[in-house]
Amino acid sequence: MGNIWFKQHHKHVMMVCAFSFCTILALAAETYHFQFLYGITFSFTSLFILLILRLFGLLPGLLTSVVAVSTGLLLFDQPVYHSILIIEVLAAGLLIQKLKKSLFGADALFWLLAGIPLIYIFYSMDSPLNAKDLLLIACMIAMNGMFNSLFAEVIDHYLPLRRWSGLSLEERKLLSFSKVLFHFSIGIVFISFLLNIFMNSLSSFKEVSLYAQRLSASEANRIVDSWNRWQTSKLSYSLTEAEQIQEEVRFFQLLLENHASTFMLHITGNDHFVVAASDPAAEGQRYDWGDNRQVTEINSHLFLTMPNEPRQALQFHTWHDGIFVYSENIGSTDWHISIEVPIKSYQNYLFSKYFTHFIYLILLALFTVVLAFFINRSLSRGLTQLAAATTNLPLKLKQVNNVDWPSSSLVEVQSLIVNFKHMSKNLIHMFQEAQRSNERLESQAFMLQQSEERLHQLAYYDMLTGLPNRLQFTLHFQDLIALHESSKQPIAVMFVDVNRFKQINDTLGHAVGDELLRKAAERFGNAVFKDCTVFRLGGDEFVFIGCYENEETVAAGAQAVVDSFNEPFIIDDKLLFLTVSVGVSLYPQDGEQMDTIIRNADIAMYSAKEQGDGCYRFYKPNLVSAMTEKMQVENGLYNALLQQQFSLHYQPKMSAATGKLCGIEALIRWHHPELGMVPPDKFIPLAEQSGFILDIDSWVFREACRQNKAWQDAGLQRICVSVNISARHFYQGNLTEMIIDALKDTGLEPQYVSLEITEGVFMRNMDQVIETILFLKNLGIQISIDDFGTGYSSLNQLQRLPISDVKLDRSFIQGITSDSKKSSIVKAIIELVHSMNMRVVAEGVETAEESQFCTDLQCDELQGYLFSRPLPPHELELLLGKAV
């Protein structure tokens with residue numbers, strides 16, 4: 001399930017990335033359009049939007065087109081006619097869905113039937129261009145759209161975008177030769193046409209600008225020459241400056257009366273006011289040809305100016321209103337001459353060239369389509385006929401039908417046809433051989449039937465015990481659940497586990513274990529209640545399943561299964577006393593799914609094992625939370641050490657004689673990030689079982705030594721810190737190396753450390769334990785027996801050990817003042833321990849009466865909540881400071 005979820009998640013991420021990448025490319029293309037002559041532009045925006053339409057469908061494509069067009073209009077002043085992209089995407093998407101057209105075919109159909117007429121009609125209502133020019137521009141826009149749709153289709157066909165974007169798992173898509181040839185030929189036509197138009201635009205603009213400069217320069221030279229002659233011929237008499245200026249102005253006005261009407265002339269002073277113009281109405285007006293216009297410098301004298309109009313205006317903004325401006329000073333005077341040459345004078349000439357190119361494109365495209373058709377027909381005809389002839393070829397040969405083999409003038413295709421002929425002959429021989437094989441197979445049918453019955457036995461029954469197996473149990477359970485829909489009779493499932501079966505296998509051998517399982521299966525078969533069936537799941541696990549009337553019946557059945565093991569098993573003249581643990585789960589009370597019921601029965605069985613051997617337990621919801629919490633605690637132990645979730649608290653020990661602080665005991669605390677504070681009695685036993693207690697004890701010992709040394713370095717009271725050590729250290733761990741390394745690393749002197757060990761240490765390897773304790777004692781470390789009187793120690797063991805302290809378990813201290821038997825035992829233990837030169841520590845002292853009683857009995861040290869709870873280091877530091 002995890003792997004399926006990951007694949008689905010990865011697929012969705014790839015789709016989102018692919019869609020976002022195409023959208024970004026569309027927006028990037030919208031920011032800049034390639035400029036052709038006279039304001040005609042070329043954009044790649046629709047290429048990426050049509051690609052989104054092809055990959056992700058109509059709605060994503062339409063949404064992307066709206067975003068791209070809105071961005072272009074609002075942020076980048078793109079022309080309004082570009083909004084037809086939305087209609088283009090909508091129409092192409094609908095045509096693809098309804099008519100199953102290709103992307104290029106649908107887009108071309110839109111432009112021919114709707115796109116070109118819409119643009120022509122809309123802009124013909126308010127445009128200075130004539131019908132032929134409008135048609136040319138509409139066709140150029142359509143060419144842009146069809147070019148993008150063609151190459152979007154090419155990208156979709158020949159690049160593995162669908163696999164990259166997670167839309168398809170196919171490695172590669174089959175390609176049609178005719179489609180490849182069509183794409184190639186039409187693509188070459190489009191690219192060559194656009195390159196021709198682009199290069200022609202550059203050359204045409206250069207041609208027009210040179211012509212405008214020659215014309216303007218000629219007229220400017222005429223005016224300058226006239227000025228120079230006038231200056232030479234006029235009489236030299238004294239005039240005021242104002243009179244001289246008026247005389248020059250009249251000269252310019254007379255000079256410009258008979259200028260050519262193809263361009264406009266203005267003569268201005270330094271103040272930019274017109275003193276003479278080819279249009280008398282402009283005289284006296286301020287004139288600056290660069291105001292409110294976009295100016296492009298062609299050379300030092302010639303400039304191209306375009307009006308600053310919003311690009312969203314509802315008309316084509318070609319260069320119809322553009323003007324070439326030629327500017328030059330008249331001699332060394334303050335007079336300037338400006339000559340305006342309108343571009344519209346040359347527009348018809350250039351548009352005619354474009355129109356001619358467009359006609360050539362159409363003719364070339366038609367020629368290419370026809371040529372591609374004939375090439376495709378000549379190349380693929382033989383292949384198509386061969387494909388038809390070989391369709392269902394094995395069936396044709398098997399039915400002895402004649403195959404009409406084609407012929408081809410192409411060597412490669414003819415060789416392929418010949419190869420298929422040879423292959424068909426081989427197939428006929430194979431069919432004949434297969435017929436003979438079928439006859440042999442029929443003779444073995446009876447043997448296969450017998451094998452099938454044997455396989456059924458192997459598949460559904462356990463070969464060792466003869467009981468139905470796990471697969472049969474699953475099917476039977478499913479049948480009972482289906483029957484419950486009509487009968488409403490509840491179902492009981494009992495999981496049974498033979499306790500200590502592994503020990504039998506390991507000690508007596510697998511042969512004895514197998515015989516035990518067979519005998520157990522016989523007893524289970526005799527113990528089943530009405531409508532109940534027993535199955536063997538594997539190993540020593542069995543399961544009972546059946547319908548029941550009430551829970552008392554189920555409880556009686558579970559007890560019968562437990563009681564079936566009351567009598568010992570006799571195998572190879574050996575008596576084997578065993579017990580079973582039974583877990584019961586009820587359907588539908590404990591769950592409505594088969595897996596849930598099985599899991600709950602398993603949980604109940606393990607809970608019965610924890611209760612003790614030879615019992616059964618019904619499933620309860622709280623068992624799940626208890627086992628979940630136990631698992632969470634057990635799994636979290638390792639991370640707790642790595643993530644520093646453990647901490648130490650320290651409980652003071654008080655001298656019974658003086659009442660002063662004489663020692664502390666380090667106690668571990670665990671703050672789980674989810675469960676909060678986990679009591680030691682919950683996680684210490686789990687750590688003991690897993691062996692992780694070795695790592696925990698190592699950390700506790702090192703941290704206690706480090707903290708004690710830090711207090712000593714701070715000048716606080718020097719006291720001994722007691723650390724609890726698991727018995728595992730004496731059998732599995734490297735206790736001495738761990739202690740020596742910790743003392744060396746922290747610098748703490750050994751006499752300030754005491755190890756508290758439990759009586760479980762003495763259960764085995766007594767000599768090894770004594771050797772280890774003597775070594776530690778010689779280092780100067782004190783040894784204490786913790787919880788004395790609750791374990792396995794004896795007086796003989798006690799007198800052999802170099803123990804310094806004996807800690808009485810709190811169970812002896814609680815109620816000591818009111819229990820005469822308990823007080824007598826404590827008194828005897830104290831006298832005995834003192835006689836062996838050991839000190840006695842009473843732990844769990846919680847009342848003043850208990851403290852006084854223990855003092856009267858001459859206990860050496862007292863510890864308990866009466867004096868202090870376990871304190872964190874910063875609080876204990878205050879207590880140590882007071883004792884200095």
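## The chain as a whole

Buried residues account for 44% of the 884 residues in this chain, and the model in which they are counted is a predicted one. The secondary structure of the chain comes to 28 helices and 24 strands. When contacts between residues at least 6 apart in sequence are considered, 65% of them join residues that are at least 24 apart.

## Confidence along the chain

The average pLDDT of the chain is 78, and 81% of the residues score at least 70. Among the elements of the chain, the lowest mean pLDDT, 64, belongs to helix α24, which covers residues 795–800, while the highest, 91, belongs to strand β19, which covers residues 720–724. Over residues 311–316 the pLDDT stays under 50, and for this stretch the model has 24 contacts beyond four places in sequence.

Strand β19, the element with the highest mean pLDDT, is largely enclosed by the rest of the structure, because four of its five residues are buried. Strands of a sheet pair through backbone hydrogen bonds, and the pairing may be either parallel or antiparallel.

With strand β17 (residues 661–672), β19 pairs in the parallel sense over four bridges, and here Glu-665 stands opposite Ser-722 in β19. Four bridges also join β19 to strand β20 (residues 753–757), and these two strands run parallel; in this pairing Val-723 has Leu-755 in β20 as its bridge partner.

## A hairpin of β5 and β6

Strands β5 and β6 form a hairpin, with four residues lying between them. Strand β5 covers residues 293–297 and strand β6 covers residues 302–307, and the two run antiparallel, joined by five bridges.

Five strands, in the order β10-β11-β9-β14-β15, form an open sheet whose pairing is mixed. Its edge strands, each of which pairs on one side only, are β10 (532–538) and β15 (615–618). On average, and with direction ignored, neighbouring strands of this sheet are turned by 20 degrees against each other. Within the sheet, strand β9 (residues 491–498) and strand β11 (residues 541–547) run antiparallel and are joined by seven bridges, and Met-494 stands opposite Phe-544 in β11.

Helix α16 (residues 510–527) packs on this sheet, where it touches β9, β10, β11 and β14 (580–587), and its direction makes about 15 degrees with that of β11. Helix α17 (residues 551–563) lies across β9, β11, β14 and β15, and it runs at about 160 degrees to β14.

## Two helices that cross

Two packed helices are described by the angle between their axes and by the distance between the axes. Helix α14 (residues 470–487) and helix α18 (residues 594–611) pack at an angle of about 115 degrees, and their axes are 11 Å apart. The crossing of these two helices, α14 and α18, is right-handed.

Which residues of α14 meet Met-594, Ile-597 and Ile-598 in α18? On the α14 side they are Phe-473, Thr-474, Phe-477, Gln-478 and Ile-481. Taken together, the residues of the contact of α14 with α18 divide into six nonpolar and two polar, with no charged residue among them.

Technical notes
Residues are numbered from 1 along each chain as its sequence is written. This is a predicted model: local features need pLDDT of at least 70, side-chain atom pairs count only at pLDDT 80 or more; totals for chains, interfaces and linings use all residues. Side-chain values use heavy atoms; hydrogens and water are left out. Axes are lines fitted to C-alpha atoms, for helices over the stretch in contact, and angles run from 0 to 180 degrees between N-to-C directions. A crossing is left-handed if the near helix is turned anticlockwise from the far one by less than a right angle, and right-handed if clockwise. Contact means heavy atoms within 4.5 Å. Ala, Val, Leu, Ile, Met, Phe, Trp, Tyr, Cys and Pro count as nonpolar, Asp, Glu, Lys and Arg as charged, and the others, Gly among them, as polar. Two strands pair if DSSP finds at least two bridges between them. pLDDT is the predictor's confidence in each residue, from 0 to 100. Buried means under 20% relative accessible area, exposed over 50%, partly exposed in between (1.4 Å probe, protein chains only).
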